[in-house]
Amino acid sequence: EEEFKWLLQEEVHAVLRQLQDILKEASHRFALPTSGSGGAVKQENFVLSTSGTDQVKGVMTLQGDALCQADVNLKMPRNNQLLHFAFREDKQWRLQQIQDARNHVNQAIYLLMNRDVNYQFKTGLEVLKLMDAVMLQLSRARNRLTTPATLTLPEIASSGLTKMFTPVLPPDILVNFYINLNKLCLTVYQLHVLQPSTTKNFKPAGGSVLHSPGAMFEFGSQRYEVSHVHKVECVVPWLNDALVFFTVSLQLCQQLKDKISVFSSYWNYRPY
C-alpha cells in the first residue's frame, strides 16, 4: 500500500512532467506561433524528386502548415514537352494533416496540465483514465501524419488546389499534395479523355491515396482515364522529430499504465 501511495503521489507526477516536456518539444517542431505570440514562422524550401526519373521536379516552400510557394516542372512523355506551373502569388495551400496533428498534440498537453500543481491522484483508475485520454490524442496526431486522406479523382479535380496555379493547369493534369509519415508528397496525374465511342468498359475508381494508371473517372460531362502517375517527395526533418516524440510519449504512457495495473492486481484500490 505504501509503495502504491508513493507511485500515485510521486512517480505519476514525474512522468506527467516528462510527458509535458516531450510534447512541448513536439509542438515546437510544428513551427507555428502559439496563440498570442507574434513570432513569424520561418519558411523552408524543399526539392521534391524521385530516383530514376526526371519526369517531375518540384520546389516547395513550407511555412508551418502552409505551402506558400510551389514550382513544378513536368515533362510530358508523349512529346517531351516541358510544362511549368507555380502557385499564384496570392495563394497558399493549407496542409490540414499538419494542422490537425498539432491540435491533437496541444490537446494532449492541455490534458496533462489541466490540474492544480498540488493535486494528488487518489486512485489508480484516475491515472489510467488520464493516460487513455492522452494516448488517444497522441494516436490521432500520429495517424494524421501516417495516414493520408483517401480521395476520389473527381474530388482531386474539384479541389481548390487546381485553381492555385499560374498558368492554369491544363484539363488533362491533376495534382495533389499530402503528408505521408515524415515526407511531403506531390502526385501528378496525366489523363486522357475517353471518347464516347471507346470500347473500354467504364468503371469509375473509388477513393485512394495514390491512384494507378488505368483508373477512370467522370468529371463534368467528360470521362477520363489516368495514363501516367508521377509521385515525388522529400523528407521534412521536423516531421520526423515529431513522430519520434509521439512514439516516446506513447511508450511512457503505456509504461505508467502497466505499473498501475500491476499494483491494482495486488492492491484492490478504491474506484472512487
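**Pocket, rings and helices**

Student: Which residues lie nearest the centre of the largest pocket?

Tutor: A pocket here is an open set of points on a 1 Å grid over the protein atoms alone, where a 1.4 Å probe fits and protein lies on both sides within 12 Å along at least five of seven lines; its lining residues have an atom within 4 Å of a point. This is a predicted model, in which local features need pLDDT of at least 70 and side-chain atom pairs count only at pLDDT 80 or more, while totals for chains, interfaces and linings use all residues. The lining of the largest pocket has 17 residues, and those nearest its centre are W93, A149, L151, N176 and F177.

Student: How much space lies in the largest pocket?

Tutor: Grid points are joined across faces, edges and corners, and the volume is the space filled by probe spheres set on the points. Residues are numbered from 1 along each chain as its sequence is written, and side-chain values use heavy atoms, with hydrogens and water left out. For the largest pocket, the space comes to about 280 Å³.

Student: Which element gives the most to the lining of the largest pocket?

Tutor: Helices (H or I, at least four residues) and strands (E, at least two) are DSSP runs numbered from the N terminus. At least two lining residues come from each of β5 (93–94), α2 (96–113), α4 (153–157) and β7 (173–180). With 4 residues, the element that gives the most is β7.

Student: How many nonpolar residues does the lining of the largest pocket have?

Tutor: In this scheme Ala, Val, Leu, Ile, Met, Phe, Trp, Tyr, Cys and Pro are nonpolar, Asp, Glu, Lys and Arg are charged, and the others, Gly among them, are polar. The lining has 4 polar and 3 charged residues, and its nonpolar residues number 10.

Student: How many residues apart in sequence are the parts tied together by F30 and W238?

Tutor: Rings of Phe, Tyr and Trp (its six-membered ring) pair if their centres lie within 6.5 Å, with planes under 30 degrees apart counted as stacked, over 60 as edge-to-face and the rest as tilted; by this rule there are 6 aromatic pairs. F30 and W238 form an edge-to-face pair, 5.7 Å centre to centre with 70 degrees between the planes. Since F30 belongs to the loop between α1 (2–29) and β1 (44–50) and W238 to helix α5, the pair ties together parts whose separation in sequence is 208 residues.

Student: Are F30 and W238 buried or exposed?

Tutor: Buried means under 20% relative accessible area, exposed over 50%, and partly exposed in between (1.4 Å probe, protein chains only). F30 has a relative accessible area of 0% and W238 one of 7%. Both F30 and W238 are therefore buried.

Student: How are the rings of F217 and Y224 arranged?

Tutor: F217, at 2% relative accessibility, is buried, as is Y224 at 12%. Their ring centres lie 5.3 Å apart with 20 degrees between the planes, an arrangement that is stacked.

Student: Over which ring does the charged end of R223 sit?

Tutor: A charge sits over a ring if NZ of Lys or CZ of Arg is within 6 Å of the ring centre and within 35 degrees of the ring normal. For R223 the distance to the ring centre is 3.9 Å, and the ring is that of F202.

Student: What is the radius of gyration of the protein chain?

Tutor: The protein chain has 5 helices and 10 strands. Taken over C-alpha atoms, the radius of gyration is set against the globule rule, 2.2 Å times the number of residues to the power 0.38. That rule gives 19 Å for 272 residues, and the chain is more spread out than a compact globule because its radius of gyration is well over this, at 24 Å.
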